[in-house]
Amino acid sequence: MQERLKSLKKIAEERIASAQTMEEVENLRVEFLGKKGDLTKILKEMGKLSSEERPIIGKLGNEVRELITNSVNEKKEAIKVSIMDKKLQLEKIDITMPGKPYKVGKKHIISKMIDEVTEIFMGMGFSIAEGPEIETVRNNFDALNAPKDHPSRDMSDTFYITEDILLRTQTSPVQIRTMEEAVKNNDLPLKIIVPGRCFRSDSPDATHSPMFHQVEVLVVGKDITFTEFKGTMETFVQKLFGPETKTKFRPHNFPFTEPSAEIDVSCFKCGGDGCPVCKGEGWIEILGAGMVHPNVLRNCGIDPDVYSGFAAGMGVERLGMLKYGIDDIRLMFENDVRFLDQF
Ligand code: DAH
């Protein structure tokens, strides 16, 4: 029996050593050590042995079981490692391969224009304020000193939600919100710009869109004069269109400013000689502005005898169209990538 056990051990070790897969090793384990396995078979015959022989064979049997168990476990471990090695080999990343091109979008021309305007004003110490696109008639018109019969208040010009609520037609109502907030928090003077979306009931054509963007400018303080107003606007215009650009303050009328002006800039294309961009005029109108009307200050709880200010509002699409020579505002909203990709 000793001989049979020794030879079983030898055969088992050889066969386990040459096994290739987990399954083979497991089958061998069952074949040698299982309930009906070879080792069990041999040991079952121990009953026939003499009482001197039995402990010796028993001990040898246990040793053989342990040795085969160890071989099985070692082999399983070795197969596991080699499977992992193969997998790592296969999955090796070649870092010298060219990457897959990754299409990154770019900023929309309107966002770019807003960024450009914002950056110029931030450089002059302005901060950014925002307000809701759904506004009260009071903030959009009344508090801004618009008379009850002002044409812009007409049902056909403005998207009313109720009699008192509308889609703001301009960013100017944020003037009211900001001034009232500043009074409440004792936070005057103020110097803000307000980029934002506006809505008017216009049929779309080359120069009109029912949804468009404005940037509002507002400065309120104790010694704000027309000189600061002029200097600030001139600096802005020269930063946006170039240092050679000249400005012209043309008298105009807005309910919320007095005096009011439309600001023209010398044509940045022809320098003022006249060309298709400026329609032969040499000048291009770019924004509305003026000194804040005393009534507007009063409406916000600010004493016009102590405080004064200036304000301006510009159309972002118009600035972009001028700057990039775009002849139809609708192109900006059609989202044709071939168009948008150019800016
Ligand atoms: N809100 C005016 C508009 O939509 C633009 C404007 C003009 C804004 C003069 C101002 C301003 O703040 O002072 O036509």
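This is a predicted model: local features need pLDDT of at least 70, side-chain atom pairs count only at pLDDT 80 or more; totals for chains, interfaces and linings use all residues.
Visitor: What domain assignment does the protein chain have, and how far apart are the C-alpha centres of domain 1 and domain 2?
Guide: The assignment gives domain 1 as 2-90 and domain 2 as 109-340. Their C-alpha centres lie 89 Å apart.

Visitor: Which residues of helix 5 and helix 8 meet?
Guide: From helix 5, Met-113, Glu-116, Val-117, Ile-120 and Phe-121 take part; from helix 8, Thr-232, Phe-236, Lys-239 and Leu-240. By class, the contact of helix 5 with helix 8 comprises six nonpolar, one polar and two charged residues.

Visitor: What makes helix 5 and helix 10 roughly perpendicular?
Guide: Helix 10 covers residues 316-324, and helix 5 packs against it at about 95 degrees, with the axes 9 Å apart. Angles of 65 to 115 degrees count as roughly perpendicular, and the two helices are therefore described in that way.

Visitor: Which residues form the contact of helix 5 with helix 10, and how do they divide by class?
Guide: Helix 5 contributes Ile-109, Ile-110, Lys-112, Met-113, Ile-114, Glu-116 and Val-117, which meet Val-316, Glu-317, Leu-319, Gly-320, Lys-323 and Tyr-324 of helix 10. The residues of this contact divide into eight nonpolar, one polar and four charged.

Visitor: Is Phe-343 buried or exposed, and how do you know?
Guide: The relative accessible area of Phe-343 is 12%. Buried means under 20%, so Phe-343 is buried. Phe-343 is placed in the segment after helix 11 (337-340).

Visitor: Which residues is Phe-343 in contact with, leaving aside neighbours within four places in sequence?
Guide: Phe-343 is in contact with Lys-106, Ile-109, Lys-112, Tyr-324 and Ile-326. Of these, Ile-109 and Lys-112 in helix 5 and Tyr-324 in helix 10 also belong to the meeting of those two helices.

Visitor: Why is Asn-145 called partly exposed, while Asn-186 counts as exposed?
Guide: The relative accessible area of Asn-145 is 22%. Partly exposed runs between the buried limit of 20% and the exposed limit of 50%, so Asn-145 is partly exposed. Asn-186 has a relative accessibility of 72%; exposed means over 50%, and Asn-186 therefore counts as exposed.

Visitor: What is the phi of each of these residues, and where does each lie?
Guide: Asn-145 has a positive phi of about 70 degrees although it is not a glycine, and its place is the loop between helix 6 (137-140) and strand 3 (165-167). Phi of Asn-186 is near 55 degrees, likewise a positive value in a residue other than glycine. Asn-186 lies in the loop between helix 7 and strand 4.

Visitor: Where does Pro-189 lie, and what is the peptide bond from Leu-188 to Pro-189?
Guide: Pro-189 lies in the loop between helix 7 (173-184) and strand 4 (190-199). The bond from Leu-188 to Pro-189 is cis, with omega near 0 degrees. The bond from Glu-258 to Pro-259 is also cis, with omega near -5 degrees, and Pro-259 is placed in strand 7, residues 257-266.

Note on methods. Residues are numbered from 1 along each chain as its sequence is written. Side-chain values use heavy atoms; hydrogens and water are left out. Helices (H or I, at least four residues) and strands (E, at least two) are DSSP runs, numbered from the N terminus. Buried means under 20% relative accessible area, exposed over 50%, partly exposed in between (1.4 Å probe, protein chains only). Contact means heavy atoms within 4.5 Å. Ala, Val, Leu, Ile, Met, Phe, Trp, Tyr, Cys and Pro count as nonpolar, Asp, Glu, Lys and Arg as charged, and the others, Gly among them, as polar. Domain bounds come from an automatic or database domain assignment. Axes are lines fitted to C-alpha atoms, for helices over the stretch in contact, and angles run from 0 to 180 degrees between N-to-C directions. Angles under 35 degrees count as roughly parallel, over 145 as roughly antiparallel, 65 to 115 as roughly perpendicular and the rest as oblique.
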